[in-house]
Amino acid sequence: MKGKSMSTSHPVSHDEPSPPIRINAVFTGGNWADVASAEESESADAVAKTQQENRRKIRQILGAVLGSEHLVTLIGLGPSAAVGGPKMSDLWKKVRDKNTTRFAEIQTKVGDTTLPTDTGDIEAFLSKCQVLVNAPVGADATIGTFITEAEKTIAEACHGFVEKADLSNHEHLLRILARRPQGKPRTRIFTTNYDLCVERSAASSGAIIVDGFGRESVPVFDGTNFDIDFVRRRIESKGPEFVDGVIHLAKLHGSVDWAIERNQIVRREQPAAPVIIY
């Protein structure tokens, strides 16, 4: 889904008109099309009629999904790659090109047969490394060093692009997902990405993220924090009101701003050893 640029000076509110929903599909010719265009006057052209009918159907489906009791969204690589984020093949190249000779040696040790001219699955490769470095007998310290450096390289690649990325589509998506009636549970977003696109977009769009971290000076992760919500207490109101635009975020593969300290996961702007789960 994609939308037009919108003001980011105020938070999500049910008093504002809903952002337009856009789609990119086969019947749109691979181009973004406004679903609302289905409400235009009927076209005499058969192809245009088919497109309008398809948009109507998609709008009905999306409306039903967005209005469901429990709204859960999975964000994968696509949205990040679309704004300059590295793909798995890019990460493979970055790790390999740091030291091609040592990379080839590690490949031999773990039994990886990817050719120098090809790219493999960097997560699967590092998983094989983890098996050897944690072996009860014959653990190889050089592999442990390689893993640490590889994870740092991956974190740098997944961190640097966000500051310059155009996150307007991410912001638009969050505005749509954050609009929930007062009586329904908060939207839950799951992502497999390490980067901070969702967090930066939330800060720009006015959405509030509950991600399991506390409010300490160095935030500490605690799963029970997902039970915490945000309410507004007005002087003239009889009771608290739930704040609009709150989203739950779960990062399944860790994050470039997570670190492990004293057996706890904490959030740091640029940790020395990021928590990356592959």
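Colleague: Which residues in H7 meet H8, and which do they meet there?

Modeller: In this predicted model, His170, Glu171, Leu174 and Arg175 are the H7 residues that meet H8, where their partners are Cys197, Val198, Ser201, Ala202, Ser204 and Ser205. Sorted by class, this contact of H7 with H8 has 4 nonpolar, 4 polar and 2 charged residues.

Colleague: And at what angle do the axes of H7 and H8 cross?

Modeller: They cross at roughly 70 degrees, and the axes of H7, residues 168-178, and H8, residues 197-205, come within 8 Å.

Colleague: Changing topic, where does Arg186 lie, and is Arg186 buried or exposed?

Modeller: Arg186 lies in the loop between H7 and strand E4, which covers 187-191, and Arg186 counts as buried because its relative accessible area is 16%, under the 20% cut-off.

Colleague: What does the side chain of Arg186 make a polar contact with?

Modeller: The side chain of Asp229 is a partner, at 2.8 Å, and a polar atom of the Arg186 side chain also lies 2.9 Å from the backbone oxygen of Val243. Leaving aside neighbours within four places in sequence, the residues in contact with Arg186 include Leu71, Phe230, Phe242, Asp244 and His248.

Colleague: Stepping back, how much of the chain counts as buried?

Modeller: Of its 278 residues, 39% count as buried, and the secondary structure of the chain comes to 8 helices and 12 strands.

Terms used
Residues are numbered from 1 along each chain as its sequence is written. This is a predicted model: local features need pLDDT of at least 70, side-chain atom pairs count only at pLDDT 80 or more; totals for chains, interfaces and linings use all residues. Side-chain values use heavy atoms; hydrogens and water are left out. Helices (H or I, at least four residues) and strands (E, at least two) are DSSP runs, numbered from the N terminus. Buried means under 20% relative accessible area, exposed over 50%, partly exposed in between (1.4 Å probe, protein chains only). Axes are lines fitted to C-alpha atoms, for helices over the stretch in contact, and angles run from 0 to 180 degrees between N-to-C directions. Contact means heavy atoms within 4.5 Å. Ala, Val, Leu, Ile, Met, Phe, Trp, Tyr, Cys and Pro count as nonpolar, Asp, Glu, Lys and Arg as charged, and the others, Gly among them, as polar. A polar contact is a pair of N or O atoms within 3.5 Å; within protein, one must be able to donate a hydrogen and the other to accept it, and residues adjacent in sequence count only if both atoms are side-chain atoms.
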